[in-house]
Amino acid sequence: LDTVPLGTELRTEEWTAAVTEVFDAAEAGVVAGFAAPPRDGHRYVAVAYEATYGGTERSDFIPLRVTGIGAAVYEPINNCWLDDEAMAARGIDINRFELPPGETALLGTCLEVPIAADGLVIRLEDGFSFDNAALLYPAG
């Protein structure tokens with residue numbers, strides 16, 4: 001799969017976004033203490049992405065979707081909890097669910113992926129875009 005460099009912007013009618021960082025969540029010390037451990041043979045990967053809302057009305061929902069693509073598609077999952085304070089220390093807000101017009105935020109999510117996920121890429125897409133706008137970024 002062809003990837004673009006981290007920081008390359010995805011532009012849709014109302015959103016501009018880019019994956020800025022992909023890192024091992026445990027190595028970075030950002031996994032929440034109460035999080036369940038990843039399944040055997042898996043690890044947690046944190047993904048930071050910058051989003052700017054260009055609409056005219058307040059956005060009640062950020063429709064950007066981050067997935068991992070390798071031998072399968074890896075969705076954000078409920079047991080992959082990141083520590084709010086540890087992520088905030090990196091400038092990443094994991095509790096932001098809306099943006100006012102013109103505002104930019106650095107957001108984050110977590111994926112559980114196989115330890116040996118050769119060829120893993122991160123897909124960023126606008127879930128509300130009808131033109132299937134998406135970019136693929138390297139995962140490591």
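Predicted model: local features only at pLDDT ≥ 70, side-chain atom pairs only at ≥ 80, totals over all residues.
Start with strand E7, residues 121-126. Five of its six residues are buried, so E7 is largely enclosed by the rest of the structure. Look at its neighbours next. Strand E4, residues 64-69, pairs with E7 in the antiparallel sense over six bridges. Here Leu-64 has Asp-126 as its bridge partner. Strand E8, residues 134-138, also pairs with E7 in the antiparallel sense, over five bridges.

Now turn to the nonpolar residues. In soluble globular proteins, nonpolar side chains tend to be buried together. The largest nonpolar core here holds 27 residues. Val-19, Leu-64, Ile-122 and Leu-124 touch the most other members. Strands E2, E3, E4, E6, E7 and E8 each supply at least two residues of this core. Take Val-19: its contacts include Leu-6, Val-47, Ile-122, Leu-124 and Tyr-137. A second, separate core has 13 residues, among them Tyr-44, Leu-82 and Ile-92.

Charged residues come next. Side chains of opposite charge can pair when their charged atoms come close. The whole structure has eight salt bridges. One of them joins Glu-112 and Arg-39, with the closest N and O atoms 2.8 Å apart. Glu-112 sits in strand E6 and Arg-39 in the loop between E2 and E3, 73 residues apart. Glu-112 has a relative accessible area of 6%, so it counts as buried.

Back in E7, Glu-125 forms a salt bridge with Arg-65 of strand E4. Glu-125 is buried at 14% relative accessibility, whereas Arg-65 is partly exposed at 35%. Arg-123 joins Arg-65 and Glu-125 in a network of salt bridges.

Terms used: Residues numbered from 1 in each chain as written. Heavy atoms only, no water. Buried < 20%, exposed > 50% of the residue type's maximum accessible area, 1.4 Å probe, protein only. Helix = DSSP H or I, 4+ residues; strand = E, 2+ residues; numbered from the N terminus. Pairing = 2+ DSSP bridges. Core = buried A, V, L, I, M, F, W, Y, C linked by side-chain atoms within 4.5 Å. Contact = heavy atoms within 4.5 Å. Salt bridge = Lys/Arg side-chain N within 4 Å of Asp/Glu carboxyl O. Lists of a residue's contacts leave out its neighbours within four places in sequence.
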